[in-house]
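Here are a few notes to go with the structure you asked about. Keep the 3D view open while you read, and click on each residue as it comes up.

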Amino acid sequence: MITILFTTIFGIMALYGYFTKRDLSSFGSVLFMFLLGAMIMSLINIFFISNTLYWIINYIVLAVVIGYVAYDVNLIKRAAREGALSSSLSVFLAFNLFTDFISIFLRILMLIARNKD
């Protein structure tokens with residue numbers, strides 16, 4: 001069940017990033033700011049240990065990482081269209097997609113595991 005949900009989310013956002021006509025360059029800076037905000041909230045939650053804040057942080061980070069999938073696929077598409085896709089850049093961009101994939105998987109596992117407690 002989790003694998004179907006996981007691959008569906010990843011696939012939909014990858015397709016959106018590929019087929020959208022918009023340039024998602026500015027989307028990356030917004031996602032990065034949300035990620036920094038979630039990290040600061042996580043540090044605050046260490047001292048206050050709020051279960052509600054834990055859930056909010058996890059859903060924010062999950063949404064940000066899902067957004068990064070569309071951003072990274074769009075970045076690959078733009079680099080390929082402009083002819084700037086060298087071997088080192090393609091390895092770097094593939095690594096970005098791989099880390100997005102792993103991050104989504106880990107966040108979904110954390111949410112499911114915490115839900116069972």
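The points below cover a helix pair, some aromatic rings and one methionine.

1. Before anything else, keep in mind that this is a predicted model. Every value here was computed from it.

2. Start with helix α2 (residues 25–48) and helix α3 (residues 51–82). Their axes sit 9 Å apart, and the two helices pack at an angle of about 155 degrees. Angles over 145 degrees count as roughly antiparallel, and α2 and α3 are therefore roughly antiparallel to each other. If you want the handedness too, the α2 and α3 crossing is left-handed.

3. Which residues of α2 and α3 meet? On the α2 side, look for Phe27, Leu31, Phe34, Leu35, Ala38 and Met41, among others. On the α3 side, the list includes Leu53, Ile57, Ile60, Val64, Tyr68 and Tyr71. Sorting the residues of this α2 and α3 contact by type gives 16 nonpolar, five polar and one charged.

4. Now for the rings. Searching the whole structure turns up five aromatic pairs. To describe such a pair, you give the distance of the ring centres and the angle of the planes.

5. Phe10 and Phe101 make an edge-to-face pair, with 5.1 Å from centre to centre and 90 degrees between the planes. Is Phe10 buried or exposed? Its relative accessible area is 17%, and the cut-off for buried is under 20%, so Phe10 counts as buried. Phe101, at 30%, is partly exposed.

6. Tyr68 and Tyr71 are also an edge-to-face pair, at 6.0 Å centre to centre and with 75 degrees between the planes. Both belong to helix α3, and because they are three residues apart there, about one helical turn separates them. Tyr68 and Tyr71 are both buried, and both are on the list of α3 residues that meet α2.

7. There's a ring cluster to look at as well: Tyr54, Trp55 and Tyr59 are linked by ring pairs.

8. Last stop, Met110, which lies in helix α4. What does Met110 touch, leaving out residues up to four places away in sequence? The answer is Tyr54 and Asn58. Met110 is partly exposed, with a relative accessible area of 34%. As for Ile44, its C-alpha atom is 19 Å from that of Met110, and the two residues are 66 apart along the chain.

Methods
Residues are numbered from 1 along each chain as its sequence is written. This is a predicted model: local features need pLDDT of at least 70, side-chain atom pairs count only at pLDDT 80 or more; totals for chains, interfaces and linings use all residues. Side-chain values use heavy atoms; hydrogens and water are left out. Axes are lines fitted to C-alpha atoms, for helices over the stretch in contact, and angles run from 0 to 180 degrees between N-to-C directions. Helices (H or I, at least four residues) and strands (E, at least two) are DSSP runs, numbered from the N terminus. Angles under 35 degrees count as roughly parallel, over 145 as roughly antiparallel, 65 to 115 as roughly perpendicular and the rest as oblique. A crossing is left-handed if the near helix is turned anticlockwise from the far one by less than a right angle, and right-handed if clockwise. Contact means heavy atoms within 4.5 Å. Ala, Val, Leu, Ile, Met, Phe, Trp, Tyr, Cys and Pro count as nonpolar, Asp, Glu, Lys and Arg as charged, and the others, Gly among them, as polar. Rings of Phe, Tyr and Trp (its six-membered ring) pair if their centres lie within 6.5 Å; planes under 30 degrees apart count as stacked, over 60 as edge-to-face and the rest as tilted. Buried means under 20% relative accessible area, exposed over 50%, partly exposed in between (1.4 Å probe, protein chains only).
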